[in-house]
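User: I would like to go through the assignments in this model and see what each one rests on. Please set each value against its criterion.

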Amino acid sequence: MRLVILGGSGSGKSTQAQRLGRYFDIPLISTGEILREAISGYQPLPEFRCSETDPRTSLSVYASLSELGYHTQPYIQKGELVPDEAIVELIGVRLRQPDINCDWVLEGYPRTAFQAEELDFLLDNLGQKLDWAIYLQVPEAVMVSRSLGRSLPDDQPEIVQRRVELFYDRTIPILEYYDCHRRLLTINGDQSPDMVQQNILTLLSVA
């Protein structure tokens, strides 16, 4: 089972990604968590070099997570999206680590249509295919309220509002991309976590 969880800040995508990871007993890949660790200089990025047969799969721009964090911190502090090339590289490295195998839940990526295309390209190279992109649809006011109640360092009002604005600007092209490929499941995220999870599992069972 290979799943992508889509949703704005405060939509509950982290909660559902964790729940689905436990339910299916598959690894959770959270770009938000990895980036926060990168900014704090928490751990090194595992060394990895892809086959040189395809230059697009070269993943040696950053030597460590702390270096990646140095380059991405200014964007996160302003509520801006981290540049595509940095996130694409990070995901490429992570999906090739030994603990991932072929099943996973990906949360926090893709955030642009370009990233969605790059993810498909990467999965093709890995001999994998995304099963479903699950979109948690939540009203803007709910996303803002939930985000402000989390007490995370980067959840300041102006940053949260900017993240929500960016999310809406970029969401429709991503949803159109996955809908066109018949891999989009839309869930009402403005419910209890238990109800949201049950709705996801119900759709997955009949999809």
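Analyst: Helices (H or I, at least four residues) and strands (E, at least two) are DSSP runs, numbered from the N terminus. The model is predicted, so local features need pLDDT of at least 70 and side-chain atom pairs count only at pLDDT 80 or more, while totals for chains, interfaces and linings use all residues. Residues are numbered from 1 along each chain as its sequence is written, and side-chain values use heavy atoms, with hydrogens and water left out.

User: Where is the place of R183?

Analyst: R183 lies in the loop between α7 and β5.

User: Why is R183 called buried?

Analyst: Buried means under 20% relative accessible area, exposed over 50%, and partly exposed in between (1.4 Å probe, protein chains only). R183 has 8% relative accessibility, so R183 counts as buried.

User: Which residues is R183 in contact with, leaving aside its neighbours within four places in sequence?

Analyst: Contact means heavy atoms within 4.5 Å. By that criterion R183 touches D120, L130, D131, W132, A133, Y177 and Y178.

User: What makes Q16 buried?

Analyst: Its relative accessible area is 3%, so Q16 is buried. Q16 belongs to helix α1 (residues 13-24). Apart from neighbours within four places in sequence, Q16 is in contact with L136, P193, V196, Q197 and I200.

User: How are β1 and β4 joined?

Analyst: Two strands pair if DSSP finds at least two bridges between them. Strand β1 (residues 2-6) and strand β4 (residues 132-137) are joined by 4 bridges and run parallel. L6 stands opposite Y135 in β4.

User: In what order do the strands form the open sheet?

Analyst: The 5 strands are ordered β2-β3-β1-β4-β5, with parallel pairing. β2 (28-30) and β5 (184-188) each have a single partner strand, so they stand at the edges and one side of each is left without a neighbour in the sheet. From one strand to the next the twist averages 20 degrees.

User: Which helix packs on the sheet?

Analyst: Helix α7 (residues 157-180) does, touching β1, β4 and β5. Axes are lines fitted to C-alpha atoms, for helices over the stretch in contact, and angles run from 0 to 180 degrees between N-to-C directions. On that basis the direction of α7 makes about 140 degrees with that of β4.

User: How many disulfides does a search of the whole structure find?

Analyst: The criterion is a pair of cysteine sulfur atoms within 2.5 Å. The search finds 0 disulfides.
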